[in-house]
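The following note sets out some points for a colleague who is new to reading protein models. Please keep the structure in view while working through them.

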Amino acid sequence: MESSPPTEAGAVASVYALVVGVFVYRELKFKDLPKVFLESGVSTAVIMFIVGVASLFSYVITVEGIADAISSAVLEVTDNKYLILAVVTVILLIVGAFVDAISAFYLFVPILVPILIGVGVDMTTIGVFMTVNLAIGLFTPPVGLNLYVGAGIGKTRLEEVVRGVIPFLVCAIIALLLITYIPALSNWLPDLLGVG
């Protein structure tokens, strides 16, 4: 099976972190390594289980036509592109705050893409729009994963990190709204290169 550059970079970074932790900072002892490997294995297994179940869910709703049925039901209620984009934005921001981005993509792409295409949103805009939406979720309280990472690195309380991140969250949401409602921001480079 062929690996991807991010996978290879992650493997190199893991080995680097291990070497630095053991030999440079000396905070990680050899006797601690089995526990560290076990904990990282369990964390990875949990994430991969979620991704596996989300993939199965995505497959079932696509094959059984559930995604098309949801799309049709939504489009019967309204076909207003801007209203649908606003509703999808709110849904993805909420989901992104509680679910990791990979699982959210597996769960929501088969449902949302037919709806968005149905109201005239192109695939490039959908991809950028969903990616930015779910990236914002990574630092959205209360469960944003990066909030906990920041608190751990800064050795500070989560509440302080949340207070500090609010101005960035506001700016990110403004940028998201611009990307969502001005498709040229997402499409100018693909259009320029003729690949859009």
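1. The chain holds nine helices and zero strands, where helices (H or I, at least four residues) and strands (E, at least two) are DSSP runs numbered from the N terminus. Read from the N terminus, the elements follow the order α-α-α-α-α-α-α-α-α.

2. This is a predicted model, in which local features need pLDDT of at least 70, side-chain atom pairs count only at pLDDT 80 or more, and totals for chains, interfaces and linings use all residues. Residues are numbered from 1 along each chain as its sequence is written, and side-chain values use heavy atoms, with hydrogens and water left out.

3. The C-alpha trace of the chain spans about 60 × 40 × 35 Å along its principal axes. Of its 196 residues, 28% count as buried; buried means under 20% relative accessible area, exposed over 50%, and partly exposed in between (1.4 Å probe, protein chains only). The accessible surface of the chain is about 12500 Å², and 74% of this belongs to carbon and sulfur atoms; such areas come from the Shrake-Rupley method with a 1.4 Å probe, and for residues only the protein chains shown count as cover.

4. Contact means heavy atoms within 4.5 Å. Among contacts in the chain between residues at least 6 apart in sequence, 65% join residues at least 24 apart.

5. Two packed helices are described by the angle between their axes and the distance between the axes. The axes of helix α3 (residues 66–77) and α5 come within 8 Å and cross at roughly 40 degrees; axes are lines fitted to C-alpha atoms, for helices over the stretch in contact, and angles run from 0 to 180 degrees between N-to-C directions. The helices α3 and α5 are therefore oblique to each other, given that angles under 35 degrees count as roughly parallel, over 145 as roughly antiparallel, 65 to 115 as roughly perpendicular and the rest as oblique.

6. Which residues of α3 and α5 meet? On the α3 side they are A67, D68, I70, S71, V74 and L75, and on the α5 side P110, I111, P114, I115 and G118. By class, this contact of α3 with α5 has eight nonpolar, two polar and one charged residues; Ala, Val, Leu, Ile, Met, Phe, Trp, Tyr, Cys and Pro count as nonpolar, Asp, Glu, Lys and Arg as charged, and the others, Gly among them, as polar.

7. P114 lies in helix α5 (residues 101–118) and is partly exposed, with a relative accessible area of 24%. Leaving aside residues up to four places away in sequence, P114 touches D68, S71 and V109. P114 and D68 are 46 residues apart in sequence, yet 6.9 Å apart in space, C-alpha to C-alpha.

8. Helix α6 (residues 123–137) packs with helix α9 (residues 184–193) at an angle of about 130 degrees, their axes 9 Å apart. The pair α6 and α9 is therefore oblique. Here T124, T125 and V128 in α6 meet S186, N187 and P190 in α9. The residues of this contact divide into two nonpolar, four polar and no charged.

9. R26, in the loop between α1 (5–24) and α2 (33–63), has a positive phi of about 55 degrees although it is not a glycine. At 56% relative accessibility, R26 counts as exposed. K155, in the loop between α7 (145–154) and α8 (158–181), has a positive phi of about 50 degrees and is not a glycine either. K155 is exposed, with a relative accessible area of 75%.
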